[in-house]
Amino acid sequence: MTLRQEIVGNAMQMAVVSLQPGQTVYCEAGKFLFKTANVTMETRLTGPSDSGGGQQAQGGGAGGAGGMGGLLRQAMGTAMQVGQRVLAGESIAFQYFTAQGGEGTVGFAGVLPGEMRALELDGTRAWFAEKDAFVAAESTVDFGIAFQGGRTGMKGGEGFILEKFTGRGTVIIAGAGNFIDLDPADFGGRIEVDTGCVVAFEEGIQYGVQRVGGLNRQGLMNAVFGGEGLSLATLEGHGRVILQSLTIESLANALKKAQGGDKQGPTGGLFSTHSG
């Protein structure tokens with residue numbers, strides 16, 4: 001059942017989802033805006049696949065879970081999923097919305113001024129997204145956490161932990177500023193971007209992090225005064241890549257400067273004093 005949704009607004013977009021009777025959509029806690037009265041809301045610690053896909057937790061008791069062993073395995077699986085989300089800095093719980101007795105409507109939004117995008121998964125390719133990009137998805141889409149390699153993670157900052165979406169259906173993501181869609185194959189097979197500008201990319205794209213320049217005078221100038229610090233994200237291969245025009249760091253620095261607390265001056269780069 002295809003998820004009917006419309007992304008509305010301009011500077012701060014929101015997604016208005018129309019649910020068919022019995023259809024379920026879930027979101028990260030804190031992304032819900034409004035719903036019609038016939039849409040039920042339930043908060044759970046588990047993702048869709050942890051309880052049987054789109055029909056999870058709709059009245060199944062302990063009898064079908066394999067007794068105490070099944071309950072223990074389910075509890076351990078839930079704890080592992082929650083632990084991964086906590087480590088990634090994501091919300092602990094998900095909110096599930098199901099239309100009852102007729103069509104229903106639910107509204108969702110991101111947490112920063114910017115765009116939203118609905119991605120359609122056909123089961124052949126996963127999608128990866130930056131932390132906090134996930135807004136909502138059909139119950140047939142699985143939400144997971146992907147960990148990059150140690151060297152990439154330590155150098156990449158934002159790229160160390162990514163959200164991963166698999167299955168079939170619609171997933172809605174959000175970012176800051178405006179979006180641009182690129183395919184590295186159209187630019188010689190490789191693009192290099194600020195690590196904070198990556199919103200999402202298809203499976204098959206190779207993600208990495210590289211040092212900005214060498215350990216020479218120009219390399220140090222790039223790192224100290226260039227605004228990107230020591231590293232850039234690299235995206236290689238053939239597939240869709242979504243970038244955002246506004247980074248969380250630049251937004252935080254702009255707000256701090258407007259409040260009179262900016263100490264970084266005009267240099268940017270390693271002199272940035274933004275607090276995590």
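The following questions and answers concern selected features of a predicted model.

Local features need pLDDT of at least 70, side-chain atom pairs count only at pLDDT 80 or more, and totals for chains, interfaces and linings use all residues. Residues are numbered from 1 along each chain as its sequence is written, and side-chain values use heavy atoms, with hydrogens and water left out.

User: How many disulfides does a search of the whole structure find?

Analyst: A disulfide is a pair of cysteine sulfur atoms within 2.5 Å. By that criterion, the number found in the whole structure is zero.

User: Is Cys27 buried or exposed?

Analyst: Buried means under 20% relative accessible area, exposed over 50%, and partly exposed in between, with a 1.4 Å probe and protein chains only. Cys27 has 0% relative accessibility, so Cys27 counts as buried.

User: Why is the pair of Phe94 and Phe134 edge-to-face?

Analyst: Rings of Phe, Tyr and Trp (its six-membered ring) pair if their centres lie within 6.5 Å; planes under 30 degrees apart count as stacked, over 60 as edge-to-face and the rest as tilted. The centres of Phe94 and Phe134 are 6.4 Å apart. Their pair is edge-to-face because the planes stand at 85 degrees.

User: Which residue lies over the face of Tyr96?

Analyst: A charge sits over a ring if NZ of Lys or CZ of Arg is within 6 Å of the ring centre and within 35 degrees of the ring normal. Tyr96 belongs to a cluster linked by ring pairs, including Phe94 and Phe134. At 3.9 Å from the ring centre of Tyr96, the residue over its face is Arg44.
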